[in-house]
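Student: Could you walk me through reading a structure like this one?
Tutor: Gladly; let us look at it together.

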Amino acid sequence: QVQFVESGGGLVQPGGSLRLSCAASGIRFNIYTMGWYRQTPGKQRELVASITSGGTIKSADSVKGRCTISRDNAKNTVYLQLNSLKPEDTAVYYCNVHQLVPPYTDYWGQGTQVTVSS
């Protein structure tokens, strides 16, 4: 059973920055991505950014140029730095581990609320 400890959400002013961190434990497979997704009420969960153990990154167009994702493989921890925050970044952010071999399972953290507002 994969378990997560997420931290770093909260209330941030527009134009500010935040750093989310997520430590995963109980991973029994070797090849997986770690990343962050976000979701607002009535909408599908969407990728913010993900990173493989080798450092290959995917990120949403909406955060390109504002987002830095990094990963500490030894600690199974992923970090997300998001700058120049906008009200539309407001969402619940979920940590994700995606297994890159069959059965390609997704594991999810409990989510952390990020609110961008003055």
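Student: What share of the 118 residues in the chain is buried?
Tutor: A residue counts as buried when its relative accessible area is under 20%. In this predicted model, buried residues make up 42% of the 118 residues.

Student: How many helices and strands does the chain have?
Tutor: Here there are zero helices and 11 strands. The chain is as compact as a globular protein of that length, because its radius of gyration of 14 Å is close to the 13 Å that the globule rule gives for 118 residues. Along its principal axes, the C-alpha trace spans about 45 × 25 × 20 Å.

Student: Which residues have the most contacts inside the largest nonpolar core?
Tutor: A nonpolar core is a set of buried residues such as Val, Leu and Trp, joined through side-chain atoms within 4.5 Å. The largest one here has 29 residues, and W36, V78, L80, Y93 and V97 have the most contacts inside it. Among the elements giving two or more residues to this core are β4 (32-39), β8 (77-82) and β9 (91-99).

Student: Take V78: what is V78 in contact with, leaving aside its neighbours within four places in sequence?
Tutor: The partners of V78 include L20, C22, M34, W36, I51, I69 and C95. For the chain, 54% of contacts between residues at least 6 apart in sequence join residues at least 24 apart.

Student: And the charges: how many positive and negative side chains are there?
Tutor: The chain has 11 positive and 7 negative side chains, with the centres of the two sets 3 Å apart.

Definitions and conventions
Residues are numbered from 1 along each chain as its sequence is written. This is a predicted model: local features need pLDDT of at least 70, side-chain atom pairs count only at pLDDT 80 or more; totals for chains, interfaces and linings use all residues. Side-chain values use heavy atoms; hydrogens and water are left out. Helices (H or I, at least four residues) and strands (E, at least two) are DSSP runs, numbered from the N terminus. The radius of gyration is taken over C-alpha atoms; the globule rule is 2.2 Å times the number of residues to the power 0.38. Buried means under 20% relative accessible area, exposed over 50%, partly exposed in between (1.4 Å probe, protein chains only). Contact means heavy atoms within 4.5 Å. Lys and Arg count as positive and Asp and Glu as negative; His and the chain ends are not counted. The place of a charge is taken as NZ of Lys, CZ of Arg, CG of Asp or CD of Glu.
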